Structure formats: C-alpha cells, structure tokens
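Subject: Structure handover

Hello,

Here is the structure you were going to look at. My notes on it follow below.

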Amino acid sequence: MVGRIIASCITDCGRVREKNEDNLYFDGRCMEQEHRKLDKAVTICRETREASFFGVFDGVGGESFGEVASYLAAAGLHHARQGYDSARQGIEEFLEAVCRMVNGRICREAQERKVRGMGSTAAILAFYGEKVCLCNLGDSPIFRYREGILETIHQEHTNRGFLREQGLDDRKPALTQCLGIPEEEFLIQPHISQEKIREGEQYLICSDGLTDMMGQEEIREILEESLTPGACVEKLREMALERGGRDNVTIILCRVVQMEEENSK
C-alpha cells in the first residue's frame, strides 16, 4: 500500500517577538536563517512511494541565537535527506542519526559564538508507503486527527510532571531534551515511533506559539471543517495572532487523501 498526501505549511513571527526563531522543513524546503513569515500557505501533494519528510523546529535560548539553532536543524535534515537511501538505512535509524548530527552542529556553533543555552526542539514526520514515522525532541506538538478525535502522538520532554507535583501549574515547563545539548553533559534520546496511516486522517505539527494561544478542542474543531489544508493552516495562524500572537507560530498540516495498492496503476 502507498498513500497520497496533501501538505501545507505556514510560519509567522507573531505580534510580540522581533525575530522568528522557528524554522521548518517542508519536503525539500526550509526557511532562511533570517525570516519573519510566509504570507500565504505553501501546499504540495506527494505520493509515499518515496519518503516525504516534514519538520518544525522551535529555537530556544532567546538571545542565545535560537533562530540559528532552528535553522541548523532544518538545514541539517534537508542536507541529510538529499543522501538518504531507504534501501541501505531504516527510517528510524536515519532520523536518530540526523538528530545526533544536528545536535553536534548546534553545540559546535554555540562554542564558536561563546553562548550557552542555544538549542532547538524537533518535531518530524516521515511518510513512506503505508506508514508514518515520527521523531521528536522537546515540546513541539505532533497531533493526529482521526475520525473526529484529535490526539497528541509525540512525547513531551519537559519537567511538567515535577511542576505539578510541586503545585506550580502556573509555571511554563522547562525542556529536559532538545537539540543543542553537549554529549558530555547529557545524551539526547529522541522519541521515535511508527504507525500505519489511514485515508482521511490528518497530522499536524506546530510550535507552541499555536498551542499556547489555542486549546486542543479549538484546533480539533478547525480540522473538522471542510477546509483545504492551506486554508486550515492559515485559519489556525490567524486565530493565534488574534489571541495575541505572543510567540512565533509555525504549522504544518499533512492530510492523507488516498491509499492504494502498489500494483493498482
């Protein structure tokens, strides 16, 4: 079985931040290191006979060059993708290798710039055949919308549980994993899993500039509407901005529109 997907992406600096420290990988495209937004959604259609990769990278560190870290992550995935051969390397192995390679690059860049805390989250989806593989580090969400239900399918790497135990629910959780951690301090452990895709379902990757402004039920209601993927990500972006746009907003939506047997053509 192979699938056909329609994917759309959009990114915006928001109404408060001076820089857009988010970046993305959109099956062959990433943003420049210095950018503010995409005015309109970019949309592509792909068959999954060959793997298609999508990722959102949210720079962390504020003045510690978060936009550099997220760019290195997106550009690193783009470069690695150019040489990926699925016949020689499994997709899970490939994604883990990409995370470790990018982690090293960000650490070396931080050393050269003499800064600490330079890093990026990573939330990646790879569609191939009848499956999707997800890989994440940090807290950038990955959702699956299936038969009216919106579920998170990533693993959140934060200290949220500890804060709740201490009664500090009003404090924003800190990351416990991200790209940009020196190996001598901590070995990164990206969460990687696979599942079968189904016709009609949707996968959403975003930065927390969306989820901090909108609840999961509100996002579900928009995905439920009969909108094109492009119109959907634009509407999500506009709603985040209307709510205050306190952070950068980056959204990728992948919709499975067809599943078919390999020999059906």
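The largest nonpolar core in this predicted model has 44 residues. A nonpolar core here is a set of buried Ala, Val, Leu, Ile, Met, Phe, Trp, Tyr and Cys residues joined through side-chain atoms within 4.5 Å. Buried means under 20% relative accessible area, exposed over 50%, and partly exposed in between, with a 1.4 Å probe and protein chains only. The residues with the most contacts inside this core are Phe54, Phe127, Leu210, Leu236, Ile251 and Ile252. Strand S12 (residues 249-260) supplies the largest share of the core, seven residues. Helices (H or I, at least four residues) and strands (E, at least two) are DSSP runs, numbered from the N terminus. Apart from this core lies another, of 32 residues, with Ala51, Val68, Ala73 and Ala126 among them.

On conventions: residues are numbered from 1 along each chain as its sequence is written, and side-chain values use heavy atoms, with hydrogens and water left out. As the model is predicted, local features need pLDDT of at least 70 and side-chain atom pairs count only at pLDDT 80 or more, while totals for chains, interfaces and linings use all residues.

Leaving aside neighbours within four places in sequence, Leu236 touches Leu204, Leu210, Met214, Ile219, Ile222 and Ile251. Val132 is in strand S7 (residues 131-137) and is buried, at 3% relative accessible area. With the same exclusion of neighbours within four places, Val132 is in contact with Leu125, Ala126, Phe127, Ser193, Gln194, Glu195, Ile197 and Tyr203. The C-alpha atoms of Val132 and Val257 are separated by 14 Å, and the two residues are 125 apart along the chain.

Helix packing comes next. Two packed helices are described by the angle between their axes and the distance between the axes. Axes are lines fitted to C-alpha atoms, for helices over the stretch in contact, and angles run from 0 to 180 degrees between N-to-C directions. The axes of H1 (residues 66-82) and H2 (residues 91-113) come within 9 Å and cross at roughly 140°. H1 is therefore oblique to H2; angles under 35 degrees count as roughly parallel, over 145 as roughly antiparallel, 65 to 115 as roughly perpendicular and the rest as oblique. The H1 and H2 crossing is right-handed; a crossing is right-handed if the near helix is turned clockwise from the far one by less than a right angle, and left-handed if anticlockwise. Residues of H1 at this contact include Val68, Leu72 and Leu77, and those of H2 include Phe94, Met101 and Ile106.

For H5 (residues 216-224) and H6, the axes come within 10 Å and cross at roughly 150°. That makes H5 roughly antiparallel to H6, and this crossing is right-handed as well. Ile219, Ile222 and Leu223 in H5 meet Cys232, Lys235, Leu236 and Met239 in H6.

On charges, the count comes to 21 salt bridges, each a side-chain nitrogen of Lys or Arg within 4 Å of a carboxyl oxygen of Asp or Glu. One of them joins Arg237 to Asp12, with the closest N and O atoms 3.2 Å apart. Arg237 is in helix H6 (residues 229-242) and Asp12 in strand S1 (residues 2-12), so the pair links parts of the chain 225 residues apart. Both Arg237 and Asp12 are buried. Another bridge joins Arg17 and Asp247, at 3.5 Å between the closest N and O atoms. Arg17 is in the loop between S1 and S2, and Asp247 is in the loop between H6 and S12, 230 residues apart. Arg17 is partly exposed at 41% relative accessibility, whereas Asp247 is buried at 15%. Arg144, Arg146, Glu151, Glu195 and Glu201 are linked in a network of salt bridges.

Last, the backbone. Asp27 has a positive phi of about 45° although it is not a glycine; Asp27 sits in the loop between strands S2 (22-26) and S3 (42-47) and is buried at 14% relative accessibility. Glu147 also has a positive phi, near 50°. Glu147 is in the loop between strands S8 (142-146) and S9 (149-152) and counts as exposed, at 72% relative accessibility.

Regards

Note on methods: Contact = heavy atoms within 4.5 Å.
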